[in-house]
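User: Hi! Could you walk me through this one? I'd like to start with the sheet.
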Amino acid sequence: TGKYLIQILILLSTNSYLVETHRTMTTHVSVIAKFNIKSGKEDTFLKTITPMVVQTRKEEGCVFYNLHKDINHTNVYWMLEEWTSEQNLKKHSVSSHVKEANQQFVENDLLHTKPEVSVMRKSNL
């Protein structure tokens with residue numbers, strides 16, 4: 001009976017690990033991206049980013065994808081995003097519309113620096 005008890009405990013431990021791993025893998029992730037636009041390039045930036053926003057909102061796992069203009073800093077925009085999983089976010093980051101927008105940012109010299117991106121999970125508070 002001791003042998004069976006050890007096997008049951010190992011099985012319970014393994015299942016608990018798998019449940020926790022599954023929960024972690026399917027937890028939503030949030031993203032904040034800062035775009036510091038060069039002076040005089042705001043209209044071109046908005047024309048460039050609009051198709052990416054439209055396409056991204058159709059992607060699997062996109063909860064929201066919203067561009068905000070900073071009210072305290074001229075020519076600064078923030079993209080606020082939420083994804084159902086890191087996997088869906090990773091798919092988004094290599095999508096053709098993201099690659100195209102990033103290429104246009106460079107070719108049209110729209111940004112002072114590369115976008116600053118932070119990825120995070122909601123705390124337990």
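**The sheet and its neighbours**

Analyst: Happy to. In this predicted model, four strands make up an open sheet, ordered E2-E3-E1-E4, with antiparallel pairing.

User: Which strands stand at the edges?

Analyst: Those are E2 (62-69) and E4 (116-120). Each has a single partner strand, so one side of each is left without a neighbour in the sheet. From one strand to the next, the twist averages 10 degrees.

User: And how many bridges join E1 to E3?

Analyst: Eight; E1 covers residues 29-36, and the two strands run antiparallel. Within that pairing, Ala33 stands opposite Met79 in E3.

User: OK, what packs on the sheet?

Analyst: Helix H2 does, touching E1, E2 and E3. The direction of H2 makes about 170 degrees with that of E2. Helix H3 (residues 86-93) lies across E1, E2, E3 and E4, and runs at about 135 degrees to E3.

User: Switching to aromatics: how many pairs are there?

Analyst: The count is five aromatic pairs. Take Phe45 and Tyr77: their ring centres are 5.4 Å apart and the planes sit at 40 degrees, so this pair is tilted.

User: Where in the chain are those two?

Analyst: Phe45 is in helix H2 (residues 42-56) and Tyr77 is in strand E3 (residues 76-83), so the pair links distant parts of the chain, 32 residues apart.

User: Buried or exposed?

Analyst: Phe45 is buried, with a relative accessible area of 0%. Tyr77 is buried too, at 5%.

User: Which residues do the ring pairs link into a cluster?

Analyst: Phe35, Phe45, Tyr77 and Phe105.

Definitions and conventions: Residues are numbered from 1 along each chain as its sequence is written. This is a predicted model: local features need pLDDT of at least 70, side-chain atom pairs count only at pLDDT 80 or more; totals for chains, interfaces and linings use all residues. Side-chain values use heavy atoms; hydrogens and water are left out. Rings of Phe, Tyr and Trp (its six-membered ring) pair if their centres lie within 6.5 Å; planes under 30 degrees apart count as stacked, over 60 as edge-to-face and the rest as tilted. Buried means under 20% relative accessible area, exposed over 50%, partly exposed in between (1.4 Å probe, protein chains only). Two strands pair if DSSP finds at least two bridges between them. Axes are lines fitted to C-alpha atoms, for helices over the stretch in contact, and angles run from 0 to 180 degrees between N-to-C directions. Contact means heavy atoms within 4.5 Å.
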